[in-house]
Amino acid sequence: MTTPPFDAVSAADIRVVSAQLGREARGVVGISARCVCGNPTVVSTAPRLPQGTPFPTFYYLTHPAATAEMSRLEAGQMMVEMTALLASDEGVRAQYERAHEAFLADRAQFGEVEEIANISAGGMPTRVKCLHALAGHALAAGPGVNPIGDLALERSAWSPERCECTDPGAALRDGIDGIPAG
């Protein structure tokens, strides 16, 4: 669980994230959650990508097994259920608003982008739009910060405590900045 400031991102981290995404990773400013094997699970992305595009999703879930599980939960209508929970439970609604504010504060440390001012991710603070983003925030911030992300992780068949990586420990095999260790 890591919120800013982050340790330096290594070249090995970027290689693993790029492999997870199936494309080159862009704008990564930190690894905000890791698998038990050390590979990235959630990256933090600059609020403006290198080519200039605004990017509101500061906490971006990259682990393939985790993203597949969030997709399964979305297909099972969990977003509809969680939106109804927000409407009916004042305590969850207040905690979700605080999660939105915490998300914005974390991202603001990497710059303000007018086009995405006051926009966080996943539908916060009023609806549930993307479990991937909410679970990513929950993994980065830790339990008790994002109630909907926490609920998605609780219902998930995927666990951050169990490695399901295709290349376990790949991000740790290289030394700092991808220079081979030893």
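Predicted model: local features only at pLDDT ≥ 70, side-chain atom pairs only at ≥ 80, totals over all residues.
1. Numbering runs from 1 along each chain as its sequence is written, and side-chain values use heavy atoms, with hydrogens and water left out.

2. Strand β1 covers residues 28-34 and runs antiparallel to β2, with five bridges joining the two. Helices (H or I, at least four residues) and strands (E, at least two) are DSSP runs numbered from the N terminus, and two strands pair if DSSP finds at least two bridges between them. Five residues separate the strands of this hairpin, and G38 there has a positive phi near 105°. Elsewhere along this pair, V28 faces T45 of β2.

3. On to the next strand: β3 spans residues 59-61 and pairs with β2 in the antiparallel sense through three bridges. Here V43 is set opposite Y60 of β3.

4. Put together, the strands make an open, antiparallel sheet of three in the order β1-β2-β3. Its edges are β1 and β3, each of which pairs on one side only. Between neighbouring strands the average turn is 35°, direction ignored; axes are lines fitted to C-alpha atoms (for helices, over the stretch in contact), and angles run from 0 to 180 degrees between N-to-C directions.

5. Two helices deserve a look beside this sheet. Helix α1 lies across β1, β2 and β3 and runs at about 100° to β2. Helix α5 also packs on the sheet, touching β1, β2 and β3, and its direction makes about 110° with that of β3. Contact here means heavy atoms within 4.5 Å.

6. How much of α5 is buried? Of the 11 residues in this helix (131-141), 10 are buried, that is, under 20% relative accessible area with a 1.4 Å probe and protein chains only. The buried set includes L131, H132, L134, H137 and L139. Just beyond the helix, G142 has a positive phi of about 95°.

7. Why can β2 be called largely enclosed by the rest of the structure? Because six of its six residues are buried. With 2% relative accessibility, T41 counts as buried. Leaving aside residues up to four places away in sequence, T41 touches A33, R34 and C35, then Y60, L61, T62 and H63, and finally L139 and W158.

8. The largest cavity has a volume of about 70 Å³, counted as the space filled by probe spheres set on points joined across faces, edges and corners. Among the lining residues are V17, L21, V28, V43, T45, F55 and Y60; such residues have an atom within 4 Å of a point. Both α1 (11-21) and β2 (40-45) supply at least two residues of this lining.

Note on methods. 1 Å grid on protein atoms, 1.4 Å probe; cavity = no way out; pocket = protein on both sides within 12 Å on 5 of 7 lines; lining within 4 Å. Buried < 20%, exposed > 50% of the residue type's maximum accessible area, 1.4 Å probe, protein only.
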